[in-house]
Amino acid sequence: CETIVTRTWSVTDDCGNTASASQVVTIVDTTAPYIIDAPASEITVECSDEVPAFNPTFGDACDTELSIFAISGINNVSPCGYDIERAWTATDDCGNAFTVYQVIHVIDNENPTLVGVPANATVACDQIPAAADVTATDACSSATVSMTEEVSEGCPYTITRTWTATDVCGNSSSAVQVITVIDEVAPTFVNTPANITVECDNIPTAADVTAIDNCTEN
């Protein structure tokens with residue numbers, strides 16, 4: 001890190017007289033290394049993506065073999081992400097150093113995925129299936145699932161079941177099942193009186209006939 005170069009000039013005339021002079025050149029290295037290929041100082045990635053690797057390239061005016069020290073840490077951790085902070089320091093043989101930094105913001109902007117949502121169906125009114133036990137997966141955190149149900153009027157009618165998954169960061173996704181309910185079975189009389197033969201002065205009053213139906217009241 002400090003090299004001394006001594007230059008000496010000698011002169012001799014035709015009579016053998018001589019003289020000399022010298023110069024001392026002191027060579028020092030006080031210049032830090034420099035960056036050749038630097039990483040982006042700040043980037044943002046989704047939590048489901050692979051965090052990009054990077055190895056910066058340094059140069060130096062005097063030293064061809066630099067010592068590279070890398071450090072990485074995680075900070076600002078929250079349910080919706082965190083920061084990866086990286087630093088690379090190049091040091092030459094004379095202790096001159098240069099450092100580059102990078103911050104990677106890892107975030108969660110991805111919606112959860114619903115699992116087990118049943119397909120649309122058409123069923124008889126006495127065969128309506130129970131609501132499916134739908135779950136959800138999320139790339140970064142946990143998710144909760146809620147369900148709503150809307151029933152239309154008419155015949156046939158529909159049952160619309162909507163499942164919504166929401167993760168801890170508020171990202172959500174929904175899926176719908178529509179069940180069309182049909183009634184193709186005629187009602188059945190319960191107490192229809194039997195055919196009878198009576199005198200004209202003994203005609204019975206009309207029976208109070210009732211009926212049952214597998215789907216609706218009659």
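Modeller: Let me begin with a definition, because a salt bridge here is a side-chain nitrogen of Lys or Arg within 4 Å of a carboxyl oxygen of Asp or Glu. Please also keep in mind that this is a predicted model.

Biologist: Fine, how many salt bridges does a search of the whole structure find?

Modeller: The search of the whole structure turns up 1 salt bridge. In it the side chains of Glu149 and Arg161 meet, at 2.7 Å from N to O, and the pair links distant parts of the chain, with Glu149 in strand β12 and Arg161 in strand β13, 12 residues apart.

Biologist: Is Arg161 buried or exposed? And what about Glu149?

Modeller: Arg161 is buried, because its relative accessible area is 5% and buried means under 20%. Glu149 counts as partly exposed, because its relative accessibility is 42%, which lies in the class between under 20% and over 50%.

Biologist: Which sheet are those strands in, and what is its order?

Modeller: The sheet is an open one of 4 strands in the order β10-β14-β13-β12, and its pairing is mixed. The edge strands are β10 (121-124) and β12 (143-151), each of which pairs on one side only. Neighbouring strands of this sheet are turned against each other by 25° on average, direction ignored.

Biologist: Which of the pairs run parallel, and which antiparallel?

Modeller: β10 and β14 run parallel and are joined by 4 bridges, with Thr122 having Thr180 of β14 as its bridge partner. β12 and β13 (residues 157-167) run antiparallel with 9 bridges between them, and there Ala143 has Asp167 in β13 as its bridge partner. β13 and β14 are also antiparallel, joined by 10 bridges, and the bridge partner of Thr166 in β14 is Ser172.

Biologist: What does the hairpin of β13 and β14 have between the strands?

Modeller: There are 4 residues between the strands of that hairpin, and Gly170 takes a positive phi near 90°.

Biologist: Staying with β14, which residues are on its covered face?

Modeller: The covered face of β14 (residues 172-182) holds Ser173, Ala175, Gln177, Ile179 and Val181, whereas Ser172, Ser174, Val176, Val178, Thr180 and Ile182 make up the uncovered one. As background, side chains in a regular strand alternate between the two faces of the sheet.

Biologist: Where is Ile128, and what is it in contact with?

Modeller: Ile128 sits in the loop between β10 and β11 (135-137). Leaving aside neighbours within four places in sequence, Ile128 is in contact with Val123, Tyr157, Ile159, Arg161 and Val181, so Arg161, which is buried at 5% relative accessible area, is among its contacts. Ile128 itself is partly exposed, with a relative accessible area of 32%. The C-alpha atoms of Ile128 and Phe58 are separated by 70 Å, and the two residues are 70 apart along the chain.

Biologist: Changing topic, where does Asp63 lie, and how far away is the nearest side chain of opposite charge?

Modeller: Asp63 lies in the loop between β5 (57-59) and β6 (67-78). Asp63 is buried yet has no salt bridge, and the nearest side chain of opposite charge, Arg7, is 21 Å away.

Biologist: What does the side chain of Asp63 reach, then?

Modeller: The side chain of Asp63 reaches the backbone nitrogen of Asp93 at 2.8 Å. Not counting residues up to four places away in sequence, Asp63 touches Asp92 and Asp93.

Biologist: You mentioned Arg7, so what does Arg7 stand opposite?

Modeller: Arg7 stands opposite Gln23 in β2. Strands β1 and β2 (residues 18-28) run antiparallel, joined by 11 bridges, and form a hairpin with 5 residues between them, where Gly16 in the turn has a positive phi of about 90°. Strand β1 (residues 2-12) is hardly covered, with a count of 0 buried residues among its 11.

Biologist: Last one, where is Asp37 found, and what is it in contact with?

Modeller: Asp37 is found in strand β3 (residues 34-37) and counts as partly exposed at 38% relative accessibility. Leaving aside neighbours within four places in sequence, Asp37 is in contact with Phe54, Pro56 and Thr57. Asp37 and Thr57 are 20 residues apart along the chain, yet their C-alpha atoms are separated by 4.9 Å.

Conventions:
Residues numbered from 1 in each chain as written. Predicted model: local features only at pLDDT ≥ 70, side-chain atom pairs only at ≥ 80, totals over all residues. Heavy atoms only, no water. Helix = DSSP H or I, 4+ residues; strand = E, 2+ residues; numbered from the N terminus. Buried < 20%, exposed > 50% of the residue type's maximum accessible area, 1.4 Å probe, protein only. Lys, Arg positive; Asp, Glu negative; His and termini not counted. Polar contact = N/O pair within 3.5 Å; in protein donor to acceptor, adjacent residues only side chain to side chain. Contact = heavy atoms within 4.5 Å. Pairing = 2+ DSSP bridges. Axes fitted to C-alpha atoms, helices over the stretch in contact; angles between N-to-C directions.
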